[in-house]
Amino acid sequence: MVIPITGKTVVVTGGSRYSLGLNSWAIRRAGPIGIERSPARRGIGLGLVKKLLARENVVIATSRSSADAAHLLALRTQYGDRLQLTDLDTTATSSIAAWAEEVKRRTKHVDLLVNNAGVYGKRPNLEDFTEEDFLFAFRTNAMGPFFVVQQLLKQARGRALPRGPGWEEWRELLGPPGSLIVNISSIVGSNTDPTVSATSKGGYAYRASKAALNIISTTLARDLAEQRITCVALHPGYVRTDLTGGNGWVDVEESAGGMVDVLESGEPLNGRFLSYKGEEIPW
């Protein structure tokens with residue numbers, strides 16, 4: 001457990017060009033190739049980076065091209081070495097593997113990992129969906145977070161975990177003495193939510209990819225508990241950001257602040273699906 005989230009080492013993944021507030025379900029069009037959430041602009045990722053930096057944490061933020069991440073570069077001038085910028089393409093396992101090695105060179109331990117990178121993709125009519133429409137969403141929204149966790153864990157591969165004296169002081173990049181994995185999901189990935197998910201239509205690829213992320217989260221929660229890793233899925237709300245045109249039900253600051261509050265609440269988190277208000281969301 002990493003409570004409180006102060007003076008910790010935090011990793012926030014994201015894209016390189018666009019931000020989508022909540023999983024912007026209410027956007028009617030996502031463009032010809034989709035839109036990607038990112039801490040590089042005024043979205044959820046950037047909101048989390050700002051919130052976590054203000055709490056005296058060291059933040060390792062990712063972008064496909066950190067040299068072009070203007071908002072992150074501006075924050076770097078303010079926070080110096082407490083904000084570290086790295087390049088990561090979460091759709092390519094080779095990029096993830098190289099990035100994980102770089103993270104290991106930068107820090108001995110990750111207290112908090114936020115898998116924020118996500119895409120909406122196209123929203124065609126049912127008869128117009130293609131295989132690539134599904135793969136586009138799944139690569140980033142489900143496979144990306146899984147392989148980020150996998151590659152960080154692999155940095156300790158070949159080392160036996162102690163179970164005797166000294167166990168309390170044992171440190172891994174991800175794991176002992178304790179790490180928290182947060183997967184940014186969406187309420188539309190719920191199959192039984194009676195509100196948004198039950199009343200909205202379409203979005204097959206996006207919804208399916210977020211549902212897949214949810215099952216990955218619960219499985220990681222079970223499989224990694226012995227390694228002192230907690231895994232939780234969070235719904236950030238429908239957030240007003242640049243690319244929602246200001247539409248939404250909650251500001252970035254409220255969403256980011258709410259999610260941090262949930263993580264610091266002291267309530268059990270492992271294997272749960274919660275909103276930024278701490279509300280339980282049905283699977």
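Here is a short chat about a cavity and a strand in this predicted model.

Visitor: What are the ground rules on numbering, pLDDT and atoms?
Guide: Residues count from 1 along each chain as its sequence is written, and side-chain values use heavy atoms, leaving out hydrogens and water. As the model is predicted, local features need pLDDT of at least 70 and side-chain atom pairs 80 or more, while totals for chains, interfaces and linings use all residues.

Visitor: Which element gives the most to the lining of the largest cavity?
Guide: A cavity is a set of points on a 1 Å grid over the protein atoms alone where a 1.4 Å probe fits but cannot get out, and lining residues have an atom within 4 Å of a point. The lining includes I5, L48 and M259. Elements giving two or more residues are α1 (44–54), β5 (112–115), β7 (179–184) and α7 (252–263); helices (H or I, at least four residues) and strands (E, at least two) are DSSP runs, numbered from the N terminus. With three residues, the top contributor is α7.

Visitor: Is strand β3 (residues 58–63) enclosed or open, and how many of its residues are buried?
Guide: Buried means under 20% relative accessible area, with a 1.4 Å probe and protein chains only. β3 is largely enclosed by the rest of the structure, because the buried residues number five of the six.

Visitor: Which residue in β4 stands opposite S63?
Guide: Strands pair if DSSP finds at least two bridges between them. β3 and β4 (residues 83–87) run parallel, joined by five bridges. Opposite S63 stands D87.

Methods. 1 Å grid on protein atoms, 1.4 Å probe; cavity = no way out; pocket = protein on both sides within 12 Å on 5 of 7 lines; lining within 4 Å. Buried < 20%, exposed > 50% of the residue type's maximum accessible area, 1.4 Å probe, protein only.
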